[in-house]
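Q: I would like a close look at one part of this model. Please keep it brisk and stay with the contacts.
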Amino acid sequence: MIRRKSLSLGLALVLGLALVSAVAAQQAALGPDNPENGFPKYVKDINGVKLDLPRPPIGQGATGDPLQVFTPPTMIFDVPIPTNPWSVATGFGAEAFFFLAQSTMDVGPPLAPTGKAILVLGIEAAYGSGDPLNVPPDQFLFGRVRIRIDAPALGTYTVTHPWGTQTFVVDTIDKRNIGFVFDWGGFAPSPNTNPPIASSFERLLISPTPWRFLRATTMAPLVDPLQWVGDGVTVGTVTGGFNGVNFFRIEGPDIGGPGVNLLETGQFMVSGHIYQGPDEPRPSATRGAAVIPLF
């Protein structure tokens with residue numbers, strides 16, 4: 001389920017440019033802007049996989065109703081805001097995912113049976129104004145790693161996942177005592193001159209983490225694997241993680257119960273629709289006139 005982020009999201013984007021991988025920046029790419037929604041036609045990862053955001057997005061997206069049952073395949077997006085004409089025209093609300101992968105595990109006592117560990121990896125389209133607004137360059141893209149863990153003991157926990165590794169020190173025992181969000185990308189307006197990039201969208205490619213699209217190994221019947229990297233519903237194993245890491249692993253005191261210091265799953269829900277067109281050159285013209293520093 002998607003919950004709308006506060007307007008401070010864009011201001012909190014973390015770029016970490018000192019950690020940029022030049023190879024990743026050269027191989028990932030964006031398609032030209034889609035005039036139907038103002039976002040790039042596709043985002044291409046370093047493996048050459050292109051995912052798109054059509055108008056409207058395909059499927060049911062997301063809803064505030066926890067009993068909503070999705071029919072695969074579906075993209076993940078906020079449902080349109082009826083009072084917002086641009087939202088209605090584009091078919092989604094404040095945000096939509098080109099790619100989303102999520103994995104969940106149960107943690108050990110004393111926070112069991114309701115304690116959870118949640119990993120979210122995503123490439124997302126959003127708006128600087130919060131609500132949908134077609135006033136370029138209000139649209140922007142960002143990547144996200146989110147980790148939420150109800151750690152059951154004091155000490156150090158290390159999380160390994162398909163896009164990297166993070167370490168946390170826990171000094172209180174409580175729900176969500178590990179809450180980590182790492183975002184990178186661009187916040188309108190743009191362009192920027194150092195390094196020279198054509199728009200806020202290109203900031204996604206200046207990546208401090210080795211993101212790439214995961215691909216589900218199992219999807220619902222009749223879902224075409226040439227059209228989808230994941231059907232947005234089915235939970236199963238994946239391929240494509242960086243350095244062959246296709247799992248969500250936590251190492252730390254009692255994470256799986258007393259004396260069980262390792263918890264791991266290879267089960268993910270993946271959503272992403274594959275762009276069917278060829279590579280298209282992205283115009284070098286800038287979007288907007290303002291020039292602001294990178295965060």
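Which residue forms a salt bridge with Asp33, and how far apart are the closest N and O atoms?

A: The partner is Arg282. In this predicted model, the closest N and O atoms of Arg282 and Asp33 are 2.7 Å apart. The pair links distant parts of the chain. Asp33 sits in the loop between S1 and S2, while Arg282 lies in the segment after strand S17 (268-273). They are 249 residues apart. Asp33 counts as partly exposed, because its relative accessibility is 28% and the buried class ends under 20%.

Salt bridges that share partners join Asp33, Arg282 and Glu202 into one network. The structure holds 9 salt bridges.

Now the strands around that loop. S1, S2 and S3 form an open sheet in that order, with antiparallel pairing. Strand S1 (29-30) and strand S3 (50-52) are the edges, and each pairs on one side only. Strand S2 (residues 42-44) pairs with S3 over 3 bridges. Within that pairing, Tyr42 stands opposite Asp52.

The side chains of Lys50 and Asp279 meet at 3.1 Å, N to O. Lys50 lies in strand S3 and Asp279 in the segment after S17, so this pair ties together parts 229 residues apart in sequence. Lys50 is buried, with a relative accessible area of 13%. Asp279 is partly exposed, at 45%.

Key: Residues numbered from 1 in each chain as written. Predicted model: local features only at pLDDT ≥ 70, side-chain atom pairs only at ≥ 80, totals over all residues. Heavy atoms only, no water. Pairing = 2+ DSSP bridges. Helix = DSSP H or I, 4+ residues; strand = E, 2+ residues; numbered from the N terminus. Salt bridge = Lys/Arg side-chain N within 4 Å of Asp/Glu carboxyl O. Buried < 20%, exposed > 50% of the residue type's maximum accessible area, 1.4 Å probe, protein only.
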